[in-house]
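Colleague: Before I set anything up with this protein chain, could you take me through how its parts are arranged?

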Amino acid sequence: MKKPLIQLLLFIAITIIWLGIGGFPKLVHRTIRMSFPVVQEDETVINPLKDIDVTDAKAFLILSLDDWSELPEGMPARRVLVCTDAEVLQQLKDNFSFEISGGDKATVESELWVYSHDTLKLMTNIVIEQNQIGIQNELTGWADAVNKEQLCHIFTQFKPYRGLRLALK
């Protein structure tokens, strides 16, 4: 009788610890058609967050395991990071400008999802490294961050996502 109880308690303790360190939430992708909100500041610079209301928003960074070793200093190495702080999201919006390079980057596996009022407004592939931040999508191709240092600082304020499942809505 004691052995099953001990096994159950051990399982519960391991689960709590696993969730406490960020775990690996299951990502559920549905096939969606979503327009990439290209808001041009000039002919080569875009800010896809420019027209998105971030007062009731949340942003998710879904990081590829291969990208963990290259993350900027201070960013948690977790599979999914989330930000719901309106002030931080406003900073992200103000600094989310990218210069279109005219090319493509082949292996961009991490993603940024931005929801506003529980509706997915932006989903793009993203590279976040100490020396480079950029986005890649089929509409713009590769684009380098204009404000790389500010974006590095903003992304360090994202927190590990503690849920077991993350699904596109």
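This is a predicted model: local features need pLDDT of at least 70, side-chain atom pairs count only at pLDDT 80 or more; totals for chains, interfaces and linings use all residues.

Colleague: Which strands stand at the edges of the nine-strand sheet?
Modeller: The sheet is open, its pairing is antiparallel, and its order is S2-S5-S9-S8-S7-S6-S3-S4-S10. Two of these strands each have a single partner strand, so one side of each is left without a neighbour in the sheet. The strands at the edges are S2 (45-46) and S10 (159-160).

Colleague: How many residues of S3 are buried?
Modeller: On one flank, S3 pairs with S6 (residues 111-116) in the antiparallel sense over six bridges, and Leu-61 stands opposite Leu-112 in S6. S3 also pairs with S4, again in the antiparallel sense, over four bridges, with Ile-62 standing opposite Val-80 in S4. S3 is largely enclosed by the rest of the structure, because the buried residues number five of its six.

Colleague: Which elements do the buried residues of H2 pack against?
Modeller: Helix H2 covers residues 86-95, and its N-terminal end is capped by Asp-85, where a side-chain oxygen lies 2.8 Å from the backbone nitrogen of Glu-87. The buried residues of H2 are Val-88, Leu-89, Leu-92, Lys-93 and Asn-95. These buried residues pack against strand S3 (57-62), strand S4 (80-83) and helix H3 (148-155).

Colleague: At about what angle does H3 run to S8?
Modeller: H3 lies across several strands, namely S3, S5 (98-100), S7 (119-129), S8 (132-137) and S9 (141-145). Leu-151, leaving aside its neighbours within four places in sequence, is in contact with Leu-92, Asn-95, Phe-96, Phe-98, Ile-133 and Ala-145. Relative to S8, H3 runs at about 85 degrees.

Colleague: Which element gives the largest share of the largest nonpolar core?
Modeller: This core has 31 residues, of which Leu-61, Leu-92, Phe-96, Phe-98, Leu-151, Phe-155 and Phe-158 touch the most other members. The elements giving two or more residues to it are S3, S4, H2, S6, S7, S8, S9 and H3. The largest share, four residues, comes from H3.

Colleague: How many residues are in the other core, which lies apart from that one?
Modeller: Among the members of this other core are Phe-60, Val-82, Tyr-115 and Leu-120. The number of residues in it is eight.

Colleague: Is Thr-124 buried or exposed?
Modeller: Thr-124 is found in strand S7, and a polar atom of its side chain lies 3.4 Å from the backbone oxygen of Gln-136. Its relative accessible area is 2%, and the cut-off for a buried residue is under 20%. Thr-124 is therefore buried.

Notes: Residues are numbered from 1 along each chain as its sequence is written. Side-chain values use heavy atoms; hydrogens and water are left out. Buried means under 20% relative accessible area, exposed over 50%, partly exposed in between (1.4 Å probe, protein chains only). Contact means heavy atoms within 4.5 Å. A polar contact is a pair of N or O atoms within 3.5 Å; within protein, one must be able to donate a hydrogen and the other to accept it, and residues adjacent in sequence count only if both atoms are side-chain atoms. Two strands pair if DSSP finds at least two bridges between them. Axes are lines fitted to C-alpha atoms, for helices over the stretch in contact, and angles run from 0 to 180 degrees between N-to-C directions. A nonpolar core is a set of buried Ala, Val, Leu, Ile, Met, Phe, Trp, Tyr and Cys residues joined through side-chain atoms within 4.5 Å.
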